[in-house]
Amino acid sequence: MNRTDQLLQIQHTPHWDIVIIGGGATGLGAALDAAARGYKTLLVERSDFGKGTSSRSTKLIHGGVRYLEQGNIKLVKGALMERWFFLRNAPGLTRAIPFILPVYKRWKLFYFWMGLKFYDLLSGRLSIGKTRRLSAEEVAQRMPSIDRRRLKGGVMYYDGQFDDSGVCMALAHTAAAQGATLLNYCEAQSFIYENEKIAGVRLRDRHSGAEYEVRAAAVVNATGVFADALLSADNNAHQPIVRPSQGIHIVADTSFFEGDHALLIPRTTDGRVLFAVPWMGKVVIGTTDVNVEDISEEPVAHEEEIDFIINNFNRYCRTGLSRADIRSVFAGLRPLVRMNGIQSTANLLRDHTIIVSASGLITITGGKWTTYRKMAKDAVNKASTLAKLPFRRCVTKDLPLHRPQPEQSEHTAVPLHPAHPYTAADVIHAVRHEMALSLEDVLARRIRLLFLDSQAAIDAAPLVVEIMRAEFGQTDAWKKQELEKFLEIAQAYRADSSQ
Ligand SMILES: Cc1cc2nc3c(=O)[nH]c(=O)nc-3n(C[C@H](O)[C@H](O)[C@H](O)COP(=O)(O)OP(=O)(O)OC[C@H]3O[C@@H](n4cnc5c(N)ncnc54)[C@H](O)[C@@H]3O)c2cc1C
C-alpha cells in the first residue's frame, strides 16, 4: 500500500460505487466487504487508520459475558458467531485465550460455572474451548499472582484476543488487494447533492492540502463517535445519535500478573467487569465506563479512572500494583447509540445501528470490534440496495485477512529500544508499505510501543524519526516538529499526566 498510488486512483476515478468515510474497524471492514463484492470502493480516513476507538480497545474478540447477565442472548450469540469467523480468517493476528474468573464464595462457583457454561453452549459447534471448574489450587497454579486468601476456586472459559490496530492494517491491506482505494489523512468535509440526494463528497488531503471532489452512488458514514458531525454537515437540524462513553486501560509488566491466563473480575466496586489480559509481553488491565461530553481525537484518562483500575486489580492480585508501575495508559471512546430515558452509558445498547438520512447518507455506528464483519456486511447491503448497485453476495465469511511482515536484513536489524523486539525494519516497512506518515503512526499503531511502554516509545522516538526523515527525504526542521508533536501526544499515555 502506497499513498501516491491511492491518490492517483482518486484523481483518475470519475465515479465510485461506494465511498466510505472513517478508517476504523467499521469503515475498513466495510471497504473490504464492498471491494470483495466487486464494487468500486473508496475509503477516506481523516487521521491515521485505527487512530480513533479502534486502536484503544481491550483487544478481545468476545461475545460479551456481561451482556449475558443482562439477558441479551441474541446479541451474545451473534457476537460468538462473529468471534469464530474472526479467529478463523485471521489466524496469525488473533488467538484463543483462557480466562479465569476467581470465586470466593462456594455457592458462587456453581452460579458462575452455569453462566459461563451457557456462554460456551451458546457458541454451539463454533466453541473455541470448553468451560470448566477449577479448584483453588488449580487457579493459583495457572494464575500465580492471584490473592489466594479465601479463594474457593474458579471457572475457566475461552475468548479471543488480537492486536486491534494490527488488524486495522490487515483489513486495509486485504481491502487494497481486493481493489479498494484507501487514503489516510484525508478528511470528508462536505457533501455534493443532486436533486437533494447525496451524489458525492468533498475531500481535503491533510497531508498536501489538496482538495478533491469525488462522485459516488452511495456514501457510508462510519466515523464512530464522530458520526454526529457528518450527520450535522448533511442536515443541520439533525439530533445527535452517539453518546460517547470513555474507557481506559493501564499497562504493566507481567511480573505484576504472571502466566498465560487472563483474569475476569466479575464485579468491580462500581458493578462492572474488569479484565487483566496478557498482551504482547505486558498485561493490559481495564476498563472503565464514564460519560464524557467532549468528543476528542486524543481522549485522556482521568485520575479516578486510573485509581479505580489499580484498586480493583489489587483486590484480586497480591502483587501490589502502584501508579509508578504503570508503563502506559490509554483512553478510548465507545460510540454508544443514544436511547431516550437512559442515563448511564453502562446500560446503553452495544448493538449496531444503521440510519439512512433523507439525503441517502448511510450512517453505521455502535457495535464492537468483534462484530465488525457483520456490521460491514449490513452497511454494504444497505448501500448497494439504496444505490441500486448490481446485487452481489457478501463473501467475507470465508475471506482470510493478511498483513505482510517487514523484511529483516543485516542493515535494518538495528533495535529501536533494548527492552523491546522492534527494529528499524519495522519503521521502514511502516513508511514504505503501510502509509505511516507521522512518528505517532509508527510508534502507536504500526508497532504498539506507545501503548505498551510510553517511556520506551519516548526514548526510541529520536532514532525512529531519523529513520523516517531519511525515508521521506525530509529536513531537520521536519524532524524537530515531528518529535515535538509526538512528545505532546505521548504525555497523555503516562500515568503521571492524567487529568
Ligand atoms: C475502552 C474500550 C474498550 C473496548 N474493548 C473492546 C473489545 O475488547 N472488544 C470489542 O469487540 N470491542 C471493544 N470496544 C469497542 C470497539 O473498539 C469499537 O466499537 C470500534 O473500535 C469502533 O470502530 P469504528 O470504526 O466504528 O470507530 P473508530 O475506530 O473511532 O473509527 C472512526 C474513524 O472515523 C474517522 N473520521 C471521523 N470523521 C471523519 C471525517 N470527516 N472524514 C474522514 N474520517 C473521519 C476518525 O478519525 C476515526 O478513525 C471497546 C471500546 C472501548 C472504548
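Biologist: Let's start with tyrosine 185: buried or exposed?
Modeller: Tyrosine 185 counts as buried, because it has 22 C-beta neighbours inside 10 Å and the cut-off for buried is 20 or more. Keep in mind that this is a predicted model.

Biologist: And where is tyrosine 185 in the fold?
Modeller: Tyrosine 185 sits in the loop between strand E7 (181-183) and strand E8 (186-194). Its phi is positive, about 50°, although tyrosine 185 is not a glycine. Most residues other than glycine have a negative phi.

Biologist: What about asparagine 195, buried or exposed?
Modeller: Asparagine 195 counts as exposed, because it has 5 C-beta neighbours inside 10 Å. Asparagine 195 also has a positive phi of about 50° without being a glycine, and its loop lies between E8 and strand E9 (197-205).

Biologist: New topic. Which peptide bond is cis?
Modeller: The one from glycine 286 to threonine 287, with omega near 20°. Threonine 287 belongs to the loop between strand E14 (282-286) and strand E15 (290-291).

Biologist: How do E17 and E18 run, parallel or antiparallel?
Modeller: Strand E17 (residues 352-356) and strand E18 (residues 362-366) run antiparallel, joined by five bridges. Valine 356 stands opposite isoleucine 362 in E18.

Biologist: And what's in the turn of that hairpin?
Modeller: Five residues lie between E17 and E18, and glycine 360 in the turn has a positive phi of about 95°.

Biologist: Last one: where does pLDDT stay under 50?
Modeller: Over residues 341-345, for which the model has seven contacts beyond four places in sequence. For the protein chain, the mean pLDDT is 95, and 97% of residues reach 70 or more.

Definitions and conventions: Residues numbered from 1 in each chain as written. Predicted model: local features only at pLDDT ≥ 70, side-chain atom pairs only at ≥ 80, totals over all residues. pLDDT = per-residue confidence, 0-100. Contact = placed C-beta atoms within 7 Å. Pairing = 2+ DSSP bridges. Helix = DSSP H or I, 4+ residues; strand = E, 2+ residues; numbered from the N terminus. Buried ≥ 20, exposed ≤ 12 C-beta atoms within 10 Å, placed from the backbone.
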